[in-house]
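Here is a short report to read alongside the structure. Let's start with a pair of helices and then step back to the domains.

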Amino acid sequence: MAKPSRSGAAVASLKDSGFLLRKIAFSESSFILKVFTREHGLVSFMAKGAKRQNSRLHGLLEPGIHVQYLFPAHARSEIRLLTDVSLLRDFPAVREDIVKQSLAQVFGEVLLRYTPDETEAPEFHDLLLAGLEKLEAAPPDRNALQAAFAAYVLEYCDLAGYRPQFRHCVQCGDPVAGPNIVFHVDQGGPRCGRCHREEPGSQWLRENILRWLEAVQQGADLPILGRTDAGRAEDFLLLYLGRHAGAQKPLKSVSVWHALMD
Ligand SMILES: [Zn+2]
């Protein structure tokens, strides 16, 4: 797509779909946006005049909606000038439910914190899109939302190349069993009693937590998990993700989500 510039030469534009992850006020009328796009990965846009009520961009610069972004192909700086946006898909059940909305923020922060390489952006963009679709359809209760969170993190790990497994000893390959099982975060799996040894990065997990995580990963019917164990499963997933993705500072949006859910 091209439109004439003031000098008469064609200015090539690019289109890409994506999700707004962060919006930062800039000057009296503008925003800088951090957007995760399908083809370009994480992009910063300058949205000029977007704070004005009559801006074309008004209402479309919100998190949790799927949007198409139009911008010049040639960028003079790291911040690209946003030309136009159009709505691709709205998720009203997410937008109108503050708890679901806060979980959507968690999904976004994972991509912001552990940003995948541009070449892998399409898969991660589609992961976020699928995550929001599931969130839109999920019943608004605690169990369903915790499962949605776990599924999202496990799929993220899968795409990023460090899929954990919860069934077989990483040393001998035998199935693991017992009320408490040691999981080796660096090796991405549990160890059986015979192969057990204490080392940094090992985590004790109750067997029911392991079975629940495995069921989430496989999209199977979920066994009931009590509130405390669900919290432990979440802590484990965040630890696992942080350790493999290279940063272990907590995600800020997780505590907001928890506070709203309680
Ligand atoms: Zn073993």
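Helix α5 passes helix α6 in a right-handed crossing, meaning that the near helix is turned clockwise from the far one by less than a right angle. Helices here are DSSP runs of H or I with at least four residues, and strands are runs of E with at least two, numbered from the N terminus. α5 covers residues 207-218 and α6 residues 227-245; they pack at an angle of about 65°, with axes 10 Å apart. The axes are lines fitted to C-alpha atoms over the stretch in contact, and angles run from 0 to 180 degrees between N-to-C directions.

On the α5 side, the contact is made by Asn208, Ile209, Trp212 and Leu213, which meet Asp229, Arg232 and Ala233 of α6. Contact requires C-beta atoms, placed from the backbone, within 7 Å. By type, the contact holds 4 nonpolar, 1 polar and 2 charged residues. Nonpolar covers Ala, Val, Leu, Ile, Met, Phe, Trp, Tyr, Cys and Pro; charged covers Asp, Glu, Lys and Arg; the others, Gly among them, are polar.

## About the model

This is a predicted model, in which local features need pLDDT of at least 70 and side-chain atom pairs count only at pLDDT 80 or more, while totals for chains, interfaces and linings use all residues. Residues are numbered from 1 along each chain as its sequence is written.

## Two domains

The protein is divided into domain 1 (2-89) and domain 2 (92-261), with bounds from an automatic or database domain assignment. Their centres, taken over C-alpha atoms, are 32 Å apart.

Where they meet, 15 residues of domain 1 contact 17 of domain 2. On the domain 1 side, β2 (10-26), β3 (30-37) and β4 (41-47) each supply at least two residues, with the largest share, 4 residues, coming from β2.

How values were computed:
Two residues are in contact if their C-beta atoms, placed from the backbone, lie within 7 Å.
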